[in-house]
Amino acid sequence: MSLSSRSTSRFVGPIVVVGLVIAMAVLWLLARPSGQATGSFVGQLLGAETILLLSIGLVLISTLPWIETWFDGIDHAAIWHRRVAIVGMLLLIPHILMSNGGGGPSWASPAGVVATVGLAALVVWSILPRWRSVIPAAGHRFILAIHDLPPIRLLSRLVDEYEVWRAVHRTTGLFVAIGFAHGLADGTPFAGAPVLRWTYVAVGGTGLCFYVYRELLARRGHGLRDYQVREVNTVGEGLTEIVLGPLGRPLVYSPGQFAVLHLESKQGWQRHPFTLTSSPDEADVRVTVKALGNYTSRISDLVQPGMPAVLSGPHGRFTHAKGTSHQVWVAGGVGVTPFLSWMRSLDEHPPPGRVDLFYSVTDEAPYAAELRSIAETHPEVTVHVLRTSVDGRLTAERLLESVGADRSELSVFMCGPGPMLQQLQSGLRDAGIPPWRIYREYFDWR
Ligand SMILES: Cc1cc2nc3c(=O)[nH]c(=O)nc-3n(C[C@H](O)[C@H](O)[C@H](O)COP(=O)(O)OP(=O)(O)OC[C@H]3O[C@@H](n4cnc5c(N)ncnc54)[C@H](O)[C@@H]3O)c2cc1C
């Protein structure tokens with residue numbers, strides 16, 4: 001199946017998630033056993049919904065290819081992973097207030113407390129990296145004021161280390177398992193309605209199976225390909241291009257997809273997702289890495305030609321094949337990477353029609369010359385390079401003015417810094433571009 005045909009199924013995942021939540025509520029109401037107070041019954045239903053939502057959350061981070069298909073990419077599945085977890089945790093509050101369990105074995109209630117405290121702590125942990133977007137602006141000064149206290153500084157250092165953050169976050173499945181066991185032992189409606197017990201077991205069991213798969217099997221994983229670093233080139237300020245040559249069977253991918261690149265360093269193997277900027281028809285694979293954090297800032301010193309590398313994937317559903325016959329591609333900074341692959345593979349993978357590529361950079365535009373030279377032999381593509389330090393920001397109005405096309409015909413693909421894309425996205429929607437014709441690639445999963 002091609003990436004384009006898969007993209008039409010991108011609404012299936014969200015619809016299934018909402019459908020499952022509604023179906024569970026309907027089933028519980030239909031199969032409600034007699035003799036249980038309404039408040040307590042609703043409380044237990046909400047507990048079951050929490051297990052359902054957290055189980056869906058575990059399914060969504062399994063990185064299995066069909067999950068991507070239903071959510072239009074791992075990045076979108078990660079957004080739904082966060083959404084279901086947040087709603088599940090919110091439902092836990094009325095569950096605790098309304099449920100009147102206590103009919104199970106003596107360990108059931110303490111297990112419920114352990115699960116709740118553990119999950120609540122992990123929710124705080126998982127939102128710490130994005131606390132600025134969660135806490136209202138008025139609270140920022142308080143957080144910044146306490147930021148220099150030794151325990152907060154330590155916490156902040158730990159959260160900043162992505163691997164540490166992820167290792168802690170991954171224990172969530174253990175607390176879901178404890179919560180699941182608590183519900184199974186303490187769920188009073190189960191005695192009078194076996195169908196509720198067995199659906200609960202199926203739902204929680206499925207989530208936990210996916211968790212075990214993710215933790216024990218997925219990492220040993222399918223789709224690992226051996227490569228060797230051939231070249232490490234500085235292509236701009238803080239931008240390093242790494243060229244990898246295959247050592248065996250090469251990775252098969254589509255333009256715009258990404259892979260997890262495993263590279264050896266003094267601290268052991270490091271795994272980071274990077275978009276493949278090469279054309280799939282080239283023998284070598286190329287990635288361009290921006291110096292952003294702990295590892296990427298040192299990558300040009302750490303990685304040398306001749307070093308082994310492993311690619312796992314490919315992942316992602318960012319493809320122009322799902323767009324209309326007039327497309328706008330918006331690249332902000334290092335967000336140019338998927339478009340590099342699209343441009344480098346125009347001969348083999350042509351877009352459905354006309355394209356306007358906007359490449360927005362602060363000052364230096366390392367790939368401008370190459371993009372323009374490709375466009376010279378592809379008249380259907382027009383490249384617009386914007387240096388924001390000189391030309392000002394790219395806004396929806398400026399973009400639509402230079403494209404000058406019927407808005408209802410346009411589809412927009414974008415990749416770049418979050419604030420820039422958010423602003424553009426809402427401007428484009430206000431200007432009448434339907435939201436389902438705006439496709440965005442996220443470079444951040446947490
Ligand atoms: C689908 C996708 C495609 C990407 N493509 C590119 C690209 O083509 N070029 C490019 O320069 N960057 C790309 N990135 C971003 C790149 O993965 C991060 O900048 C890099 O992992 C940061 O690592 P660090 O140790 O330097 O930074 P850190 O300071 O450790 O982390 C900075 C942020 O990067 C993310 N991150 C860090 N490590 C990982 C990891 N192992 N797995 C997932 N996320 C992580 C976290 O959100 C973290 O908050 C992409 C990210 C994603 C999700």
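Start with helices α3 and α11 selected: α3 passes α11 in a left-handed crossing, a term used if the near helix is turned anticlockwise from the far one by less than a right angle, with clockwise giving right-handed. The model is predicted, with local features requiring pLDDT of at least 70 and side-chain atom pairs counted only at pLDDT 80 or more, while totals for chains, interfaces and linings use all residues. Residues are numbered from 1 along each chain as its sequence is written.

Select 38-60 for α3 and 172-186 for α11; their axes come within 10 Å and cross at roughly 150 degrees. Helices (H or I, at least four residues) and strands (E, at least two) are DSSP runs, numbered from the N terminus. Axes are lines fitted to C-alpha atoms, for helices over the stretch in contact, and angles run from 0 to 180 degrees between N-to-C directions. The crossing angle makes α3 roughly antiparallel to α11 (over 145 degrees; under 35 is roughly parallel, 65 to 115 roughly perpendicular and the rest oblique).

Now show G47, A48, I51, L54, S55 and L58 of α3 with G173, V176, G179, F180 and G183 of α11, which make the contact (C-beta atoms, placed from the backbone, within 7 Å). Of the residues in this contact of α3 with α11, six are nonpolar, five polar and none charged. Here Ala, Val, Leu, Ile, Met, Phe, Trp, Tyr, Cys and Pro count as nonpolar, Asp, Glu, Lys and Arg as charged, and the others, Gly among them, as polar.

α11 passes α13 in a left-handed crossing. In α11, G173, V176, A177, F180, G183 and L184 meet Y200, V201, G204, G207, L208 and Y211 of α13. The contact of α11 with α13 has eight nonpolar residues, four polar and no charged.

Select β1 (224-236) and β6 (308-315), which pair in the antiparallel sense over five bridges; pairing requires at least two bridges found by DSSP. Y227 has A309 of β6 as its bridge partner. β1 also pairs with β2 (239-246), in the antiparallel sense over eight bridges, and here E231 is bridged to V243. Two residues lie between the strands in the hairpin of β1 and β2, where G238 takes a positive phi near 70 degrees.

**The five-stranded sheet**

Move to the open sheet with strand order β9-β8-β7-β10-β11 and parallel pairing. β9 (381-387) and β11 (438-441) each have a single partner strand, so one side of each has no neighbour in the sheet. On average, neighbouring strands of this sheet are turned by 15 degrees against each other, direction ignored. Within the sheet, select β7 (326-332) and β10 (410-415), which are joined by six bridges in the parallel sense. A331 has C415 of β10 as its bridge partner.

**The whole chain**

Finally, colour by domain: domain 1 is 3-219, domain 2 is 225-315 and domain 3 is 320-441, with bounds from an automatic or database domain assignment. The centres of domain 1 and domain 2, taken over C-alpha atoms, are 34 Å apart.

Methods. Contact = placed C-beta atoms within 7 Å.
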